[in-house]
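Dear colleague,

Please find below the structure that I am handing over to you, with its sequence. My notes on what was found in it follow directly after.

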Amino acid sequence: MADKKKYAFLMIRFNTPDIIKDIQEQLSEDDLYYGDDSRSGYDIETDTHVTLVPCLDNDVDLNKLKDMLEPLDKYQTFLTNISSFDNPDFEVLKCDASSIPLFNSYKAITDKYPTHSDYKEYHPHATIAYVKHGVAEKYTKDVLDKLIVLEPKEFWFSYYDENGNEKEVTWK
């Protein structure tokens, strides 16, 4: 089986809100999907973030991307509900996120730079956990009980260098 091509991701990190922490604490070992081994990166998402632009080419000019972004504090983001989406091996339990600057920046960047995501529509979200099929529905909510505002901590750019090594750059 050929390796899937690895891409760069532009994201924004946030402090983990209580609603996500509470759900993560309720999930049992039997609920979580771990992949083929414990190093797969699946299970509980420990780094609360929203992807701003997925699947960019690794050689994209980061300085040009930075010039297209609003100041970090403009990316205050609202969680709207708890939902999930299916993957052949697992479900992604997530909080949907909404922010005009997220959508505007996504549009500006994807109009200028190609992306290689299988998902053609932008659906910003904060992943809670990767769970086994049938688990996510226990936690989904069409509307949250109160307004949850995520305050941005930093921009996060994850990419692979010319040798295939994963690299990260963060800035405020």
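For the packing described below, contact means heavy atoms within 4.5 Å. Please bear in mind throughout that this is a predicted model.

**The sheet and the helix across it**

Helix α1, residues 18–26, lies across β3, β4 (91–98), β5 and β6. The helix runs at about 5° to β5. The four strands form an open sheet in the order β5-β4-β3-β6, and their pairing is antiparallel. At the edges are β5 (125–131) and β6 (148–150), each of which pairs on one side only. From one strand to the next, the twist averages 40°.

Strand β3, residues 77–86, takes part in two of the pairings described here. With β4, strand β3 pairs in the antiparallel sense over eight bridges, and these two strands form a hairpin with four residues between them. Within this pairing, aspartate 86 has glutamate 91 in β4 as its bridge partner. With β6, strand β3 pairs in the antiparallel sense over three bridges. Here threonine 77 stands opposite leucine 150, and the bridge partner of phenylalanine 78 is valine 149.

**Aromatic pairs and charges over rings**

The structure holds 11 aromatic pairs. One of them joins tyrosine 33 and tyrosine 42 in an edge-to-face arrangement, with 5.5 Å from centre to centre and 70° between the planes. The arrangement is called edge-to-face because planes over 60 degrees apart are counted in that way. Tyrosine 33 is buried, at 16% relative accessibility, whereas tyrosine 42 is partly exposed, at 29%. Both tyrosines belong to one aromatic cluster, formed by Tyr33, Tyr42, Phe90 and Tyr130.

A further edge-to-face pair is made by phenylalanine 103 and tyrosine 122, with 5.3 Å from centre to centre and 75° between the planes. Phenylalanine 103 lies in helix α3 (residues 100–112) and tyrosine 122 in the loop between α3 and β5, so this pair ties together parts that are 19 residues apart in sequence. Phenylalanine 103 is partly exposed, with 36% relative accessibility, while tyrosine 122 is buried, with a relative accessible area of 12%.

Two charged residues are also placed over tryptophan rings. Arginine 13 lies over the face of tryptophan 156, at 3.8 Å from the ring centre. The charged end of lysine 66 sits over the ring of tryptophan 171, 4.6 Å from its centre.

Aspartate 31 is placed in the loop between α1 and β2 (49–56). Its relative accessibility is 9%, so aspartate 31 counts as buried. Which residues does aspartate 31 touch, not counting those up to four places away in sequence? They are Gln26, Val131, Lys132, Val135, Lys138 and Tyr139.

Serine 117 lies in the loop between α3 and β5, and this residue is buried as well, with a relative accessible area of 9%. Leaving aside neighbours within four places in sequence, serine 117 is in contact with Pro54 and Cys55. The C-alpha atoms of serine 117 and valine 53 are separated by 9.4 Å, although the two residues are 64 residues apart along the chain. The side chain of serine 117 also reaches the backbone nitrogen of tyrosine 119, at 3.0 Å.

**Backbone angles to inspect**

Most residues other than glycine have a negative phi. Against that background, two residues may be of interest to you. Cysteine 55, already named as a contact of serine 117, has a phi near 55°, which is a positive value in a residue other than glycine. Cysteine 55 is found in strand β2 and is buried, at 13% relative accessibility. Aspartate 43 likewise has a positive phi, near 115°. Aspartate 43 is found in the loop between α1 and β2, the loop that also holds aspartate 31.

With kind regards

Terms used
Residues numbered from 1 in each chain as written. Predicted model: local features only at pLDDT ≥ 70, side-chain atom pairs only at ≥ 80, totals over all residues. Heavy atoms only, no water. Pairing = 2+ DSSP bridges. Axes fitted to C-alpha atoms, helices over the stretch in contact; angles between N-to-C directions. Phe/Tyr/Trp six-rings, centres within 6.5 Å; stacked < 30°, edge-to-face > 60°. Buried < 20%, exposed > 50% of the residue type's maximum accessible area, 1.4 Å probe, protein only. Lys NZ or Arg CZ within 6 Å of the ring centre and 35° of its normal. Polar contact = N/O pair within 3.5 Å; in protein donor to acceptor, adjacent residues only side chain to side chain.
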